[in-house]
Amino acid sequence: MDHSPSISKRVLIVDDNAQAADVASELLDLYGYQTAVAYGGQQGLQAAEAFAPDVILLDLGMPGMDGFQVAAALRARPDFRDVAIVAFSAWGDKGTRQRTSAAGFNDHLTKPASLDEIVSTIAAACQPCHA
C-alpha cells in the first residue's frame, strides 16, 4: 500500500532515545515526509515552535518534561490545537491509552511499531492536516 503523502507533511519526532528518533526520522524521510527530531520535552516544545509540524510523534516516558506535559503545553496554545499528536511509547496498557486520549493525543502507537503502522497512523492523523 502506498502511504506517500500527496503533499509533504511535516513530522516532529520527540524522543529521549536519540537512536530511535533518528532512525524513525530517516525512515519517514524515505516516505516523503519532512522531519525534525528533538531529544527531550523542552527541546520538543522549542522544535515544535520552529518547525511548525503537522504531526508530532511524542514519547511519553522522558526525563524532566514527559510526553503528557509536552502535549498539555502544546494543547494550551491556540496555534497547536489542530496539530496531530501521536503518543509513541513502549507504554501501551489500557490505563496509559486512556490517559493519552484524555490528554488530547490523537492516537497512540506502542513501540516497537512497524514502519507500516507508523506511516499509516501518521497518514490517518494527518487527514485534517492543512494542505
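Ala-52 is found in the loop between α2 (41-51) and β3, where helices (H or I, at least four residues) and strands (E, at least two) are DSSP runs numbered from the N terminus. This is a predicted model, in which local features need pLDDT of at least 70 and side-chain atom pairs count only at pLDDT 80 or more, while totals for chains, interfaces and linings use all residues. Residues are numbered from 1 along each chain as its sequence is written, and side-chain values use heavy atoms, with hydrogens and water left out.

**Sheet**
- Five strands form an open sheet in the order β2-β1-β3-β4-β5, with parallel pairing, two strands being paired if DSSP finds at least two bridges between them.
- Because β2 (34-38) and β5 (107-110) stand at the edges with a single partner strand each, one side of each is left without a neighbour in the sheet.
- Strand β1 (residues 10-14) pairs with strand β3 (residues 55-58) in the parallel sense over four bridges, and Leu-12 stands opposite Ile-56 in β3.

**Backbone exceptions**
- Most residues other than glycine have a negative phi, and most peptide bonds are trans.
- Ala-52, although not a glycine, has a positive phi of about 50 degrees.
- At 47% relative accessibility, Ala-52 counts as partly exposed, a class lying between buried (under 20% relative accessible area) and exposed (over 50%), with a 1.4 Å probe and protein chains only.
- The peptide bond from Lys-111 to Pro-112 is cis, with omega near -5 degrees, and Pro-112 is found in the loop between β5 and α5 (115-125).
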